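Hello,

Here is the structure I promised to hand over. My notes follow below it.

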Amino acid sequence: MTTDIPTRDTEMAEPATLSWRILEAVRYLEQCRRTSRLFAVVTGEARGEVRLAADRFLERTVPALRVARPPAPSDSSHVFLEAILVDLGFEPFESTSDDLLRLLTVVLRQGSEQQDPVCIVIDQAQEYGPRVFETLCELARNVADLARPPLLLLTGNAALLRVLDSRGMAAVAVLTRQRFELAAVTAPPAVAPEVPPATPELVLSLGQDVVQRFPLGQGRVLIGRGPHCDLCIRSRFVSRQHALLIRNNDGDWLLDLKSTNGTSINSRTMSRRRLRHGDVISIGNHRLQYLNPAGRWPQREGVPAGDQLSETVVMRSLLAMSAPEASVAKPGSSTSVA
């Protein structure tokens with residue numbers, strides 16, 4: 001059974017009716033699977049949207065994954081384990097919880113060895129009892145050493161985060177640290193000011209909070225996690241040199257620098273594109289809104305005149321910008337972080 005996953009080049013276009021945050025949650029889950037993470041955590045107060053994100057992820061990965069999804073919360077380890085094994089093709093049988101856990105461990109380890117991965121989806125996980133979470137911790141210890149472990153997808157609300165941060169879950173605290181919070185909105189947060197800015201700018205936000213406003217001068221703006229970047233976003237989901245914004249007479253262009261998690265504009269993955277006023281750039285869990293109401297660029301998507309986006313020129317720019325003296329704070333720039 002194949003374990004191929006959609007790449008940025010082969011990714012299918014999503015229906016416009018899906019909210020941009022749901023699409024980002026799906027990308028987060030795909031990244032968890034691509035990097036062989038054991039746990040993925042998606043939370044939000046809108047239960048329907050959280051489930052829709054999980055459903056859409058499964059639609060895009062089945063049949064590459066075998067899926068187990070217990071139908072209802074429980075405080076019984078036996079009921080929880082039996083529901084998973086039934087979904088994986090086993091018939092219910094008389095056995096202890098310890099025997100069921102050993103059997104599930106064997107199934108998951110064999111699936112990893114035979115390139116037949118499993119995804120266990122636990123919807124509204126905060127409603128499960130402490131005995132189930134103890135079993136989950138033990139299962140995680142049994143399979144954490146696998147090169148391609150199963151994906152344990154936990155969904156829920158803020159109460160789930162409190163459970164995961166509790167002392168009883170300390171054994172898996174490191175494995176559940178990377179999470180995705182699905183804000184209960186269906187459109188990007190409105191971060192544009194009522195009066196258009198006199199100077200073009202990028203507005204950095206995380207969730208519904210504006211983190212920083214970055215005025216755009218002339219030339220180039222390097223965006224990434226590295227301290228030498230003009231616009232520094234200190235997040236593990238952001239590459240050290242993630243994207244480069246180039247300004248010239250033909251418009252403002254954004255180039256993805258072969259980042260690990262990719263760059264998308266208005267929920268569409270891109271490698272380079274001319275920016276238009278109001279565009280929302282997604283980099284990791286952060287958003288950058290491009291505000292330049294005075295800019296009037298051609299609608300065509302061709303490359304700008306000259307060689308300003310050639311790979312050689314871009315590489316020279318990056319070498320110059322990452323030089324030791326470039327790490328010194330630049331006038332008018334800021335390194336506020338989330």
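Which residues of helix α2 are buried? They are Glu49, Val50, Ala53, Ala54, Arg56, Phe57, Leu58, Arg60 and Thr61. Buried means under 20% relative accessible area, exposed over 50%, and partly exposed in between, with a 1.4 Å probe and protein chains only.

Before the rest, some ground rules. This is a predicted model: local features need pLDDT of at least 70, side-chain atom pairs count only at pLDDT 80 or more, and totals for chains, interfaces and linings use all residues. Residues are numbered from 1 along each chain as its sequence is written, and side-chain values use heavy atoms, without hydrogens and water. Helices (H or I, at least four residues) and strands (E, at least two) are DSSP runs, numbered from the N terminus.

Back to α2, residues 47-61. The buried residues of α2 pack against α1 (20-34), β1, β2 (66-68), β3 and β4. Contact here means heavy atoms within 4.5 Å.

Now strand β4, residues 151-156. Six of its six residues are buried, so β4 is largely enclosed by the rest of the structure. Leu151, Leu153 and Thr155 point one way. Leu152, Leu154 and Gly156 point the other way.

β4 has two parallel partners, β1 and β3. Strands pair if DSSP finds at least two bridges between them. β1 (residues 39-43) pairs with β4 over five bridges. There, Val41 stands opposite Leu154. β3 (residues 118-122) pairs with β4 over four bridges. There, Ile120 stands opposite Leu152.

Best wishes
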